[in-house]
Amino acid sequence: MKKRLLTGLQPSGELTIGNYIGSIRQVIDYAKDYDTFLFVPDMHSITVPQDPETLHRRVREIVGMYLACGVSGVENHIYIQSEIPEHANLSWILECTAYMGELARMTQFKAKTENKKEKEIRCGLFTYPVLMAADILLYNAHVVPTGVDQKQHVELARNLAQRFNAKFGETFVVPEPLIPTVGAKIRDLLNPEKKMSKSAENPKASVFLNDTEKDIRKKIMGAVTDSGEGVYFDEENKPGVSNLLTIFAVFQGITIPEAEKHFENARYGDLKKEVAELLVEKLSALQARFAETMASGVVDETLDRGREYARAIATETYDRARRVVGLGRA
Ligand code: TYM
């Protein structure tokens, strides 16, 4: 039997090329080797305020984007987190095994709450990594591909699984994070110290998968590069240039050394122009497929099929976990 792979993309903003490179592309590479579970973690998104209509739209669009990128909705299981109540149920059990201290150490929580007053921080934002652990453990996933920003959360899922198994007997598979060697952290175009994010305050810092040609060109040409010259990969001293090289390599389907060779003797301006052209070409093709996908009935068909498959597994795992901790009737 194939091992299980599981990952998710939050509908908390428009998807960026960072999400494509750090997550979707990996799923495409790995899907044939694993029994693949892809879900839309919409319950995660309400840890910060959301407009309900926009959230509904984005939930479907995430699925449309997976399909448009070439992920099969027949061979893989694609579903919505909130349509399977066992995610929240298992999360509660796991919250009762997690410690305040380990959640307070999560770097994403610290970053998202920096300079915020207590009454501005929702409890859901604090416990969110436990819900993420439930998402993973519910399906006994063996591997979890993500960008580097989610690695700490997958490690928490491992710790919670091991703790639970030690106390209540073997219940969960202990998952492994799967972090890409290239593109695990696509950087913000205006501040290469930060990761590119769906929810960045300045939209010029991120290229969204649904950006217009004009915006793509403007954003890439306006990307912050580094002092000095020479186009080569050096994340420490040239984070901006290395980021553009990575984007080029991934979308062109070549390695970083091949991309460096391609830009030998080039100037920063040449690099930006070629990256912009490549993205315009690839993203406009993707957008055309996305529009077709959204106009067909395939998103709902995929989600109905995915929910049915996933729910059966989720119910079984949750029931086992509930029984071993002593909830309900034995
Ligand atoms: P999210 O929605 O922020 O990001 C989705 C995926 O995209 C990756 N990613 C990036 N990779 C490279 N460079 C970037 N700039 C970049 N930005 C985002 C993320 O690492 C992630 O793989 N909590 C998760 C969603 C989630 C989940 C799960 C994932 C909920 N439950 C269970 C895996 C398993 C999140 O907020 O990802």
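**View 1. The right-handed β-α-β unit of β1, α1 and β2 in the predicted model.** Strand β1 (residues 4–8), helix α1 (residues 17–30) and strand β2 (residues 35–40) are the parts to follow here. The two strands run parallel and are joined by five bridges. Within this pairing, Arg 4 stands opposite Asp 35 of β2. Of the five residues in β1, four are buried, so the strand is largely enclosed by the rest of the structure. In a regular strand, side chains alternate between the two faces of the sheet.

View 2. Leaving aside residues up to four places away in sequence, Glu 235 touches Arg 187 and Ser 242. With Arg 187 there is a polar contact between the two side chains, at 3.3 Å. Glu 193 is 42 residues from Glu 235 in sequence, and the C-alpha atoms of the two are 9.9 Å apart in space.

**View 3. Crossing of helices α3 and α13.** The axes of α3 (residues 52–68) and α13 (residues 298–325) come within 10 Å and cross at roughly 95 degrees. That angle makes α3 roughly perpendicular to α13, because the range for this class is 65 to 115 degrees. On the α3 side, the residues in contact are Arg 60, Val 63, Gly 64 and Leu 67. They meet Val 298, Val 299, Asp 300, Thr 302 and Leu 303 of α13.

Methods. Residues are numbered from 1 along each chain as its sequence is written. This is a predicted model: local features need pLDDT of at least 70, side-chain atom pairs count only at pLDDT 80 or more; totals for chains, interfaces and linings use all residues. Side-chain values use heavy atoms; hydrogens and water are left out. Buried means under 20% relative accessible area, exposed over 50%, partly exposed in between (1.4 Å probe, protein chains only). Two strands pair if DSSP finds at least two bridges between them. A crossover is right-handed if, with the strands pointing away from the viewer, the path from the first strand over the helix to the second runs clockwise. Contact means heavy atoms within 4.5 Å. A polar contact is a pair of N or O atoms within 3.5 Å; within protein, one must be able to donate a hydrogen and the other to accept it, and residues adjacent in sequence count only if both atoms are side-chain atoms. Axes are lines fitted to C-alpha atoms, for helices over the stretch in contact, and angles run from 0 to 180 degrees between N-to-C directions. Angles under 35 degrees count as roughly parallel, over 145 as roughly antiparallel, 65 to 115 as roughly perpendicular and the rest as oblique.
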